[in-house]
Structure formats: structure tokens, C-alpha cells
Amino acid sequence: MKRNGTSSTGRTLALKPGLRYFLLVSPALVALLLLFAYPISIILIKSVFDPQFTLKHYIYFFTNSLYIRVMWITIEISVLTTLTSLVVGYILAYVLRRARPGIRNIFLMAILLSFMISLLVRNYSWILVLQRNGAINILLTYFGLIDHPLKLLHNKFGVVVGMTHIFIPYIAFPIYSVMMGMDLNLEKAAQNLGATRWQTFWRVSFPLSLPGIGAGALLVFIMALGFFITPALLGGRKEQMISNLIQIQVVDLLNWPFASAMSAILLVVTLIIFFIYNRYLGAERLWGGVKI
Amino acid sequence: MRKSPGKRTNWHDPLHIGWPLWVVSGSAVFFLIVPVLLLVPMSFGSAEIIEFPPTKFCLDQYSKFFTHPGWQSAVLNSLQVASLTSVAATILGLMASIALVWGRFKGKGFITGFILSPMIVPLIVLGLAYYVFLAKLGLIGTKLGLVIAYTPLTLPFAVLPISATLRGFDRSLEYAALNLGANRFQTFMKITLPIIRPGVMTGALFAFMIAFDEVVIALFICGSGAVTLPKKMWDVIRYEIEPMLPAISTLLLLLAVFFLVSIGLLQRRLARRMEIR
């Protein structure tokens, strides 16, 4: 395989090193263009032709109060889940960074295992835990803390719990990897200079972990905006997010052009955030802060 | 955790973790794992009704699952689709990673972003897109259609571990082989690939995992001809009461444990190989 542009043997070949590398990446590029970008472009086009060029689906979306509300719910749930998973993920990462290897490994294994368990299984387990006669209500009734089962499922609470559960690893790992690169002696230095623990945290440790927070939180926010499974399974009628509405438009109403327009809006918002991210943080950091 | 100094001074050990943090992080780990573990005892309960806690102990759910033709074909479809997808994504991903890690060419940043972008495009958008695209090709309800849809989706998950591995690879080994007269292809097959193989296999496993678990795109494109395991589970969770779901969940939990252990072993082997230079 042709690689390496610096050795003496490299220069004797006819192809320029840059071009050789480009040839290596081109099968992936062709596959993505044909099997990823092209299918997406079909629905982008579908969203503005019906059959003549028209923006009516977009206008309808942005002027109808139902869809404004869905957008609002989508943003609200995404912000909420990003915040809850950020807080939990940050604390996990903070403890992981400082725990001794034994406990650190147990915690890491648990987070990784949770990350690898099927999404459907995780959502299903929350149904069984949160439902009317689910584990939490059984326990609370058993201990006499409640008389009537609490409504924990098919509402905002259920959706946020389910999504937080899924997103914690996505946010804990980037923060953890940034923290691993952090020199804890800086904290000692700050305390040596008279800072209290809180000052040390807010003025030293926290600012140093910001790149991890940015990477994790943006990734989770993007994923939350387009999330489908959890609102469908754990949400009620009022917690249906934009993805769920797209599916309803297609499956129940067969309204393809309008579903395409909604998809286009969701896609554009996602891509804008992603490009900002790629520009300032590098897309490679999306995953555990690993930099290509 | 190191012992904090007995006498409380302004000096504080940065490795010290206060008990509130232990409580919160311990609960977080509990929150991540325990709901799923509840499914394990339930899986040994009745296969006729869902009950928690289970009142009898039997393997009815498992025997029902393994003898049911519909579930059998769903598992087989998923295995085939995920394996093929994983192979395709790993080959494309390995070639792309080599270029992205070691190459220098115009637009590399943009290409990297493009290759990783399937990770963040909402699945519902992809579902819709592939429905229209595959309908044109007449591939709705086929395994080939699913592989076509899943290859781009899993590509980033193959590229990320593979490129992390390549960055840790010492290229002077290649130069040695080239100097001794091997050509580039030989060098890659005999020197580079054997060393980085655990990293490549990690990428392949991740791609498999994603494809094996995908449900949103499947809802749109598997029709009735190529129903995958997650699609069948979705239908059951959504529209019916199916008492054998805890057993299926337990099996998928075991699969996750298998992935975790395999990836752990692969990473350990990789670390060993990278050390011996």
C-alpha cells in the first residue's frame, strides 16, 4: 500500500505523496458521496419541490404553532439532558481522574459496559423501572413512602432520565481524557499560593477541563436534538421531539415532502453546530477526545 | 485515594475525593448499570406474563426465544448484516485512516469532518433518506439495502480506533523494511498490519456493535423481508406485550459483556505490541 511521503524511496515513485494518500482515502469518500451524501440530498431536494419549486413546507413549519411547540420541546429536552449528563459526567470524570487504579477500573468498566448495552434494552429497562407497577413504585409503596404510584413514565421526567442514561458516557469520556492530560501539581501550586479548595477548583481545575466539557456537551446536544428512540418509548404525547414528528408524518400521514422539510431543518441545525465544532475543536475529538 | 493529612491545613491533597463526590459518582454508576441488571432475574420468570419480581424460576423465556422462527430469522439477519457492514466499514476505514493520520494533502480537515459526519447526522434523517434512495433501487426489505445504509454510519466508529492506533505506531519499522528491499505493499502486509491488527479489530467490533443495534433506520428500510433483531424488539416493545423480552435483553447484556472483554483484551495486546519495537 502506498503511504509515507518522507523517506527517500517515496520520492522515486511517480505519484506525489499527497496524491497517494488522497487515493487511499478516496474509496471511503466515494462510498460516502454515493451512499450517504446523495441519499440525503434527495430528501433536501424533495423538501423544496412539490412538484414545482416551493417553500410552502418550510413556511408551514415555521408558522404553525404545533411545530413551534415541538421545536421548543426538542430544544428544552436537549438542553435539560445535556445539563444533567454534563453534571453527572463531570463528577464521574473528576472522581475517575483522582481515584486509585482499582476503583477507577471498576468505574470505567461500568461506564463502558453501559455504553455498549443495546439502546433498546436500556430504554426497555427504564420502562420496567419507571412504569406504574415498576421497580421504583413497588419499592416506594413497600416502604410506605407513597400511597399512589407516581407517574414517572410517558412524561418529561422519563425522557430526561432515559436520555441522560444514554449520554453520560459520551460526556464523561471526553472530560476524563482532558483531565488525564492535566497536571495535578497545578492544584497543589494554587493551594500553596493560598487558594482555598473552591478557588482551586473554579480558577484552575475547571478552566483546564473546559475543552472536554465543550466537546462532550456539544456532542450530546447534537445527538439529543435528533434523538428518536427514547422520546418514542419513554415520552408521552407532549414529549414527542422533532424526530418523532418526522416519523409520524411519514408512517401515519405519508406526507413525504413535509417530513423531508422537517428533516432538512433538523439536519441543517445539526450540521451548523457540527461545523462550528469541527472548526474550533476538531471533529476527531467527538469520541473520547481522541485526536487523529 | 491517598490518605488525606490528619491535621487539616490549607494544603490539600489533589487526589483526595470527598465523601459527597463518592456518593454522587457511586450513585451514577449504580444508575448506569442497575436498571439493566434488573432484567436478568426477570428473564428467569414466566414466559406468559410479565411480572416483577418474578414468582417462579424457569428457562421458559429462553426456550421460547430460541425455538421461535421469527426471532431466529431476526437474529440471523442482524448477524449477517452487521458482519458484512463491519467488514466493509473496516476496509474503507483502514485505508482512510492511513491517509488521514499519515498523509498531508489539501482539504484533509474537511475530509476528516466528512468521514466522521455520519456519527452526528440524525438517524431519522438517514432513515428517510435511505427509504427514498433504496426504494429507487428496489432494495427496501433486503439485507443488501441494510448494509448499504449501515456502512457509512459505522465508518466513523471504525476510523476512530484505527486512527488512534496508527498514531501510536512507530513508522521507523516501515522504513527499516523498505530499506531492506521490501516494497510498500509487502511492508504493509508483513510489518504494519500485524502490529496494528488489534486496533483494526477494535474498529471492526465497534462497527459491528453499531450495526447490530441500529433500529431507527431499520424501521424505515427493513420492510418485511429483512427484519432485524432491533426492529423486531422495537415492534414488540411498542405494540405488544411480550414476556420474553427480559430474556432477549439478558442475552444482549451478555453480548455487551463479550464486546467489553474483547475490546479490553485487544487493547492490552495492542499495548504490548506497541511496546516491543
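User: Among contacts in chain A between residues at least 6 apart in sequence, what percentage join residues at least 24 apart?
Analyst: This is a predicted model, and the values here are computed from it. The count takes in contacts of chain A between residues at least 6 apart in sequence. The share that joins residues at least 24 apart is 71%.

User: How many helices and strands does chain A have?
Analyst: Read along the sequence, chain A follows the pattern α-α-α-α-α-α-α-α-α-α-α-α-α. That gives zero strands, and the number of helices is 13.

User: What is the radius of gyration of chain A, and how does the globule rule bear on it?
Analyst: The C-alpha trace of chain A spans about 80 × 70 × 35 Å along its principal axes. For 292 residues the globule rule gives 19 Å. Chain A is well over that value, so it is more spread out than a compact globule, with a radius of gyration of 24 Å.

User: What percentage of the residues of chain A count as buried?
Analyst: A residue is buried if 20 or more other C-beta atoms lie within 10 Å of its own. Of the 292 residues of chain A, the share that counts as buried is 48%.

User: Is A:Phe53 buried or exposed?
Analyst: A:Phe53 is found in the loop between α2 and α3 of chain A. The cut-off for exposed is 12 or fewer neighbours. A:Phe53 has 8 C-beta neighbours inside 10 Å, so it counts as exposed.

User: How far apart in space are A:Phe53 and A:Ile248?
Analyst: In sequence, A:Phe53 and A:Ile248 are 195 residues apart. Taken C-alpha to C-alpha, their separation in space is 24 Å.

User: Which residues of α12(A) are buried?
Analyst: Helix α12 of chain A covers residues 242-251, and seven of its 10 residues are buried, so it is largely enclosed by the rest of the structure. The cover includes α4, α11 and α13 of chain A, together with α6 of chain B. The buried residues are A:Ile242, A:Ser243, A:Asn244, A:Leu245, A:Ile246, A:Gln249 and A:Val250.

User: Which helix gives the most to the side of chain A that touches chain B?
Analyst: In all, 83 residues of chain A are in contact with 82 residues of chain B. By class, the chain A side has 55 nonpolar, 18 polar and 10 charged residues. With 17 residues, the helix that gives the most is α2, residues 17-46.

User: How many nonpolar residues are in the contact of α2(A) with α4(B)?
Analyst: The residues of α2(A) include A:Tyr21, A:Phe22 and A:Leu24, and those of α4(B) include B:Leu92, B:Gly93 and B:Met95. The contact has one polar and no charged residues. The nonpolar residues number 13.

User: Which residues of α5(B) make the contact with α2(A)?
Analyst: The axes of α2(A) and α5(B) come within 10 Å and cross at roughly 50 degrees. The crossing is left-handed. From α2(A) come A:Val25, A:Ala28, A:Leu29 and A:Leu32, and from α5(B) come B:Ile111, B:Phe114 and B:Ile115.

Notes: Residues numbered from 1 in each chain as written. Chains lettered and ligands numbered in written order. Predicted model: local features only at pLDDT ≥ 70, side-chain atom pairs only at ≥ 80, totals over all residues. Contact = placed C-beta atoms within 7 Å. Helix = DSSP H or I, 4+ residues; strand = E, 2+ residues; numbered from the N terminus. Nonpolar A, V, L, I, M, F, W, Y, C, P; charged D, E, K, R; others polar. Rg over C-alpha atoms; globule rule 2.2 N^0.38 Å. Axes fitted to C-alpha atoms, helices over the stretch in contact; angles between N-to-C directions. Left-handed = near helix turned anticlockwise from the far one by under 90°.
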